[in-house]
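Dear colleague,

I am handing over the structure we discussed. The sequence and the model come first, and my notes follow below.

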Amino acid sequence: MRILIVEDEERIARDLAEAVTAAGYVAEIVTDGEEAWFKGGTEPYSAIILDLGLPGLDGLTILKRWRQEAVPVPVLVLTARGAWSERVDGIDAGADDYLAKPFRIEEVMARLRALLRRAAGRGEPQITIGPVTLDPRTREVTVSGQPAALTPLEFRLLNYLFHHRGRAVSQMELSEALYSHDHERESNAIEALVGRVRRKLKSDVIETRRGFGYIVTPPQPK
């Protein structure tokens, strides 16, 4: 999952990027409002962390433009403006959550995980499909109760498929979600990555749909 961090304060942006990366996501930092508006509206991010006080375009204007352009990505607004009226303005502009500075990185990450859960249409922190359980908070994966030793990249793949369960995800979409733009990747990188995850899980939870990509199918209610 790719997370866009729009923040012009270098230290805050760096701390957020480190936390996002440690949580198993791909972090990208943008410091300018115009660039943020363009990237947020044209590239596939799972969520955006948006500061309101930006050079170029301010965050509130960017957010309004995204929503007018029907950009559906969840947005967590960060701001030094703590007045209740400004929080209302942010929510009305289309923010999914709002956090005033100063803040704890742990709270930002908890709110980010909640946004991603809601975007995936679920409320519980853990996801269980078949014998496989994935916990985004601890970045742990178990198979029939036994831990599976996945690398950070393998975890990101499984996390993305589990969050988008029920639909086929193409190799191109997975590549965009798992790698940063400056990362060199081989043509068969996704196929090889899926193969490694399948072997470690010893499960057929990841299915191949010829011509469409990969799918994780949730169990049908009885």
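In which helix does arginine 156 lie? Arginine 156 belongs to helix α6, which covers residues 152–163. Please keep in mind that this is a predicted model.

Arginine 156 is buried but forms no salt bridge. The nearest side chain of opposite charge belongs to glutamate 28, and that is 10 Å away. A salt bridge would need a distance within 4 Å. Apart from neighbours within four places in sequence, arginine 156 has contacts with Gly24, Tyr25, Val26 and Leu178.

Strands β7 (residues 132–135) and β8 (residues 140–143) run antiparallel and are joined by four bridges. Leucine 134 has valine 141 in β8 as its bridge partner.

A separate item is threonine 79, which is found in strand β4 (residues 75–79). Is threonine 79 buried or exposed? Threonine 79 counts as buried because its relative accessibility is 1%, and the cut-off for buried is under 20%. Leaving out residues up to four places away in sequence, threonine 79 touches Asp51, Leu52, Tyr98, Leu99, Ala100 and Lys101.

Regards

Definitions and conventions:
Residues are numbered from 1 along each chain as its sequence is written. This is a predicted model: local features need pLDDT of at least 70, side-chain atom pairs count only at pLDDT 80 or more; totals for chains, interfaces and linings use all residues. Side-chain values use heavy atoms; hydrogens and water are left out. Helices (H or I, at least four residues) and strands (E, at least two) are DSSP runs, numbered from the N terminus. Buried means under 20% relative accessible area, exposed over 50%, partly exposed in between (1.4 Å probe, protein chains only). Lys and Arg count as positive and Asp and Glu as negative; His and the chain ends are not counted. Contact means heavy atoms within 4.5 Å. Two strands pair if DSSP finds at least two bridges between them.
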